[in-house]
Amino acid sequence: MSRRKALVVGAGIGGLTAAAALRHAGWDVEVHERATELRAAGSGLSVMSNAIAALESAGLDLKLAERGEVLRSYHVRTARGRLIREFPFPSIIRRLGVPSVLITRSALQEALLEAAEGIRLHLGSAAEDFSVDEASGQVTVRFADGREAHGDVLVGADGFNSAVRRQMVGPEDSRDSGYLVWLALTPFRHPRFTPGSVTHYWGSGQRFGLVDMGGGLLYWWGTKNMPASRSHDWKGGKAEVARAFAGWADEVRQAIEVTPEESILAVPSRDRMFLERWGRGPVTLLGDAAHPMLTSLGQGSGMAIEDAVVLARCLRGSGDVPAALRAYEDERRERTRGMVAASRSISEFEQSENVRRPIRDAYFRFLPTRKLTAILEGSLTFPTTSEQPAVAAAHSVNSENSTKEGDHVPQAG
């Protein structure tokens, strides 16, 4: 008897994790990727403890700590470098017993490709639409070049502009963040750039981050409030970035100065309204295709990894594929809803301008350590089904609280 087949559309972090986890759960897997070659953008990210715990629960040891740098310290400072708050990530990570790793996208992609070695990966395979045979339950995906693929499950892991999602829910508007993000990787040395460090700098309507990728490699990112009409078509250069952060801490200005102009990427930041229903029949979504979020919590990759692991667990040995997919969606809905809301609310709070800026800084400076630790620990813990309501509550937005955004805290990346 042949094994059941899963079709995964998208070879990003979520798609490759899903492919490896589904194979480990006993499925035959094919991955279809629109791009003609796999190239990770020149940026970094954080694979936090919750995501690594999820991978371990699926039997996937990617040895990420050997490919990146374990998070050792996390500070938030003013634009000129004065300390606002040291966040207790290291103590929480020690208590959880699972590291958080700062890593380049290319290194994470390489690790996932190794975990998915032997799985059929079709590049230049742009999905256009799908159909389901009601009698057999089989799903057929049609591609732009006229080819078709047939399977028992279709997983739409094809990112923000998911073709699978578009067929299920139709055209959608995105929600702009109100700011542009610049990011880059560059070799860097500075006394304040220490191994395993994450440092955020907050100004008025602007932020900057220095994140150690290991081996003297810096991942930095900067944000600046601007209208969507400009951020989505930004054509400035390194000189404009340098002007935006003139007068900031020495390490911030040096990071920009040593970065080649061609290494700086500009990315408009956006999400979508939360989607309540992710699938039907043998079709489902994961990662950014299901719940795109802003980057302030640093959990976009983490939520995609968690999704993939829970999906594979729900499908392992299941005789009723649609029921297993709905169980996966039900298990993931509240946690991801909380993360999307938290990412947007903390993003808005962190980008505060003018009179709101000192309120933001004071809130985080004086937030009780016990409350801060509880919020962080909820994000960093890969939840069981029974834990999900508590996690969602930790990330809920209290509309009655004028400092509601302060109930969510930034994470690496």
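1. Two strands pair if DSSP finds at least two bridges between them. Strands (E, at least two residues) and helices (H or I, at least four) are DSSP runs, numbered from the N terminus. On that basis, Val 9 stands opposite Gly 156 in S12.

2. This is a predicted model, in which local features need pLDDT of at least 70 and side-chain atom pairs count only at pLDDT 80 or more, while totals for chains, interfaces and linings use all residues. Residues are numbered from 1 along each chain as its sequence is written, and side-chain values use heavy atoms, with hydrogens and water left out.

3. Strand S12 covers residues 153-156. Strand S1 (residues 5-9) pairs with S12 in the parallel sense over four bridges. Strand S18 (residues 283-285) also pairs with S12 in the parallel sense, over three bridges. Gly 156 stands opposite Leu 285 in S18, and Val 9 is opposite Gly 156 too.

4. In a regular strand the side chains alternate between the two faces of the sheet. Both faces of S12 are covered: Val 153 and Val 155 are buried on one side, Leu 154 and Gly 156 on the other. Buried means under 20% relative accessible area, exposed over 50%, and partly exposed in between (1.4 Å probe, protein chains only).

5. Strand S16 (residues 217-225) pairs with strand S13 (residues 175-187) in the antiparallel sense over nine bridges. Lys 224 in S16 is the bridge partner of Leu 180.

6. Strand S15 (residues 206-212) pairs with S16 in the antiparallel sense over seven bridges, and Arg 207 stands opposite Thr 223 in S16. S15 and S16 form a hairpin with four residues between them. In the turn, Gly 214 has a positive phi of about 95°.
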